[in-house]
Every structure is written in C-alpha cells, then in structure tokens.
Amino acid sequence: MIAKVFPYVILFLWGCAFPACASDEILSGLSENKISITTSFTGSELLVFGSIKRDTSTSVRDSDVIIEIIGPELPITVRKKRKVLGIWVNTDPVKINDSPSFYAILHTNFPELILEQEELRKYNIGAIRQLSSRVSDPEDKDVVEAIIRIKKANNTYQISNDPIELNKETLFSASLTLPANLIEGDYRAILHLVQDKRVVDNSVQIITVSKIGVEKWLYEFAYEKPFFYGIFSIILALILGWGGSVIFRKIQ
Amino acid sequence: MQIYLPIAEISVNIFLLVGLGALVGILSGMFGVGGGFLMTPLLFFIGIPPAIAVATEANQIVGSSFSGALAHFKRRALDLKMGLVLTIGGLLGASIGVHVFKLLKNVGQVDLLVTLCYVIFLGIIGSLMFIESLMAIARKESYGKHRKANRHTWVHRLPLKMRFRTSNLYISAIPPFLVGTLVGVLAAIMGVGGGFIMIPAMIYLIGMPTKVVIGTSLFQIVFVTAFTTIMHATQNYTVDVLLAILLLIGGVAGAQIGARLGIKLKAEQLRILLSIVVLSVCLKLAFDLLATPSEHYSILVEKL
C-alpha cells in the first residue's frame, strides 16, 4: 500500500514545497464508498465525478482527466491449453504475484495521446502497463494479452473508448458498471489531472467492496470453521431431504 | 431473480437452480437413480466451477438419499453389517479421492480429472443402459429366464470370511470393502452417490438378495457423501451450502413427482430415454475436451 501511495505523496510534498509555482488541482467524489454484496447482488453502478480547481493566478491551461478504478491485487496463475494425446490440457503455468482483479479506465482523451511514455510508466496508467509491470519474462506478452482478453470478456477489465466530457473545462463525471463477479476488498479510484503532457495532480478515493448479511456469515463460516460448516451443511441437507419428503407425503 | 452464491462467488438465476434440481429429481424418482451423475455435469454447463459443483453435489446427495435410506431402515430392508463394511471402504475411498482432488486442484488439473472421469463413466453406463433396454424390449416374451448370479467364483476363495445374516451370505469382507472404496473415490472426485456402480456390484459380484440391495446402498451413500462433504469443506473449501439447498428444494419435490410418473409410464422406453440423456451429456463433455477451445488461456485467482 505504501509503495502504491508513495508517488502521490512525493507529488503532494512537491506541490507544497513550491507554493510559488501553484498549479491546478483535481477534486473528486464517488456516488458510493461502500459496495455490499448481498444475496441479490448482480453488480453495481458507480459514478465518479469531480472538478478541476483552477489556480486563478495563471491562465486557463488545456486539461485532461484520466480515471482509473483498480481492484484488489491478488496472485493469479495463468495456464495455456495444449493438445496432449488428443485432448486439451492446461499446461505452462505462469504465476503473477499482484494482478488487479478489476481494472477500468475512463478519460477525456486517450492517455497515449496526452501523456509522455515516461509519465505513463511512472503512474502505471493503462491496463497493459498495470500487468506487464508485474510480468518479468518478456516472452509472457501472450499471457498479458490473454489476461486482458479474458477479463474484458467477463467485464473485470473495462477500457472505454468513449471520452468523458469536461464541462466548462472544469466539471466531469463518468459512470461505470461493476460486475457481479467482484472480489472483496478495497478498490482505488485514482484520478489524474493532465496538463502539457504531464500529470500535474492526482486524487485517490477508496471504495470498499464486502459481503454482508447471510453472504458474509456463510463465507466466513466456510473459511474460518470449515469442519463445523461441513457439519452444518450436512444437517441442513438432512433436514431438507427428510422434511421435504414428509411434507410431500402429507400433501398427497 | 438472481441469487449470489457465497462460495462459488457468482450470481445465478434462482429458478434455474431449483428447476435443475426438479428436473434431475424427476428423472431420479422415475428411474430410482441418485441423479448426481447428471446434476454435476449440468452444474458445469451453467458455469459453476467443477470443484464447487462436485463438493456441493456430495452435500446435496446426503439430503436426497436420506429419506429413502430411512424408509428402508424402518422396513428393515437393508443388511446393516454389509452396509458397515461398504461404508468403512467408502470412508477410505473418499479420503483418498479428496486428497487426489486437492493435489490436482493445486496444479490446475482438477477440471480435467473430473471431466475425464465423467466421460468414461457416463459413456460406459449410458451405452450399457441403452443396449440393455433395447434388448429388454426385444425379448419381452422371454421373460422369466432370469440370469442367476455366478455363485462360485474367485470372490468366494478370498480370506477374511464374514457371515452376513440378512443377506444369507458367508463371504470374504474384501470384495464389499473394495467396492465401497471405489464408490468412495468416485463420490469425492465426481460428486455422485455411486449407486450405479454399487448396486450391480452387490447383485452380481457379491451376490446379495435384491430386496436389501437398495436399502444397503442408500445407507452407505448417506454416510460416505456426508463424510465427503466434510472432507471437501475442510480441505478444499468448495461446499456451497446455499447452492445445495436450492438444488435440494427442487430435487425433493421432483423425486416425488418422478416416482409417481414412473409407475404410470413404460419402463423400457423410459430407460432408453434416460440412456440417451446420459450419452448426450457424455458427448458434450467429450466434445469440450477434444474440440479446439475458443480461449486457450485460463486464469486462476489464488485466494489468500
């Protein structure tokens, strides 16, 4: 976590150290900071909004905004199917230590067009950069492409080609749909303010995704007391199996 | 109406699950089969991860076999001693099965193991059932020429002989123990009760009288699937109790309807129908193994 926030802290300190060269700031907000997974959870809409706080001492600069939503980073294993003795078998496991379980990017203009390569790298902007920075072997390019392809298909990678609008050069808002297959944890919404091909300010918001109610109770029961959860599952099945047949005989 | 399954961590239509439970319940009520061997592949087809489908199905079978086992127990239509030998074998088999399952899960090959087992077993059972029901229709008139079990084979020369009073047998405990073990392995790997293996083995291999066969196999199934459920819950964390409950609700209702339908309809034609269903499921699974996949890569998220 510290490593991830570090560049922004540096940037913030930098901003404070040179008050004379004051610059524009980005302010942000979210429609929700907490998303609850209930039994009827089918995904969630998220609205990210904000404004650019202009420094009045300078003239209005051309500004762009990039919004990234990054889900909890978990280790993953990617396997390739190969034909072995006529059947397709998983082979060649590649482990990636921290792969964002969710990634979405929204922008007023394509990051590649408005930012220098150096800046893109520095802030890890873009889905491919998010991943390839974690894959050591350059031969794993296929793997990175496969991850993006699969995650795009199940909506856990959302790369928007529709630019968001910057109203009166100041206000912006963007909405996205978080799918039902969300992994629990803290999601970061990172907003970058871009001027003159540089990131001049950042803003981070946290969205906490967690199971609640029955979902939370069953999940924790299953992982924390698996033996008793097993017994509980059996007893429920016995009651339903036996009770059900008794009820049906009564109805008959 | 969608429902979010806490362990599978996906959102599925609730009516689809209850409906699947009912459909398989009707089939199992009509034919007197457990239905696990149909339910588990159907769960794969609707997108439940195989590891969760198998473990959850074991949990469901505990419930769906219980009332039958209880009914046979009350009527004393079971061989308790034989049931115990089969169960002890089953517990050993289930432990082996769950450990093999865990090992292969860790190297990403469990889906392949489960699918291969299904293709093989469904292929054999579906074909046998198909041929036998065709033959049964053909020889309708020659009824009564029932096959007598081979009374004196290698089975009767094995050591560790035991007396099974209810079955009126004095045989080695090794064959029933091994049959139980095999069924236990299958319960753990495939999420089935294993009646389709156990019942023929009890009649033809062990030579038990048919009137105690079903009760005894249900007795074994309840204990072995209950044990399998606990093993999967503690070793693999793959039992989704919410999924099991929804399938059971449909299944219990379906089984009652199926039992009533089964009495009214013609058995041989129905058996052909069931064998065709079994063979189609087998072919679909085989096709998925053989056909070039649309996506060559797969991602597995390692939970902390």
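Two strands are taken to pair if DSSP finds at least two bridges between them. Strands themselves are DSSP runs of E, at least two residues long, while helices are runs of H or I of at least four, and both are numbered from the N terminus. With that in place, consider A:Glu25, whose bridge partner in β3(A) is A:Lys53.

Good morning, colleagues. The model is a predicted one, in which local features need pLDDT of at least 70 and side-chain atom pairs count only at pLDDT 80 or more, whereas totals for chains, interfaces and linings use all residues. Residues are numbered from 1 along each chain as its sequence is written, and chains are lettered from A and ligands numbered from 1 in the order in which they are written.

I begin with chain A. Its secondary structure comes to seven helices and eleven strands. Of its 252 residues, 29% are buried, a residue being buried if 20 or more other C-beta atoms, placed from the backbone, lie within 10 Å of its own. Two residues are in contact if their C-beta atoms, placed from the backbone, lie within 7 Å. Among contacts in chain A with a separation of 6 or more, 71% join residues 24 or more positions apart.

Let us turn to the interface. Here 48 residues of chain A are in contact with 46 residues of chain B. Which element of chain A gives the most to the side that touches chain B? It is α7(A), with 16 residues. That side of chain A divides into 29 nonpolar, 14 polar and five charged residues. In this scheme Ala, Val, Leu, Ile, Met, Phe, Trp, Tyr, Cys and Pro count as nonpolar, Asp, Glu, Lys and Arg as charged, and the others, Gly among them, as polar. Strands also pair between the chains: β5(A) and β5(B), residues 297-301, are antiparallel over five bridges. Within β5(B), B:Leu300 stands opposite A:Thr77.

Finally, chain B. Axes are lines fitted to C-alpha atoms, for helices over the stretch in contact, and angles run from 0 to 180 degrees between N-to-C directions. Helices α6(B), residues 174-190, and α7(B), residues 195-206, pack at about 165°, with their axes 10 Å apart. That makes the two helices roughly antiparallel, a term for angles over 145 degrees. Their contact has eleven nonpolar, no polar and no charged residues. B:Pro175 and B:Leu186 are among the residues of α6(B) there, and B:Met198 and B:Leu205 are among those of α7(B).

Helices α1(B), residues 14-31, and α9(B), residues 241-264, pack at an angle of about 35°, with their axes 5 Å apart. The residues of this contact divide into 22 nonpolar, eleven polar and no charged.

Lastly, β3(B), residues 161-164, pairs with β4(B), residues 169-172, in the antiparallel sense over four bridges. B:Phe164 stands opposite B:Leu169. These strands form a hairpin with four residues between them, and B:Asn168 in the turn has a positive phi of about 60°.

Notes. Parallel < 35°, antiparallel > 145°, perpendicular 65-115°, else oblique. Buried ≥ 20, exposed ≤ 12 C-beta atoms within 10 Å, placed from the backbone.
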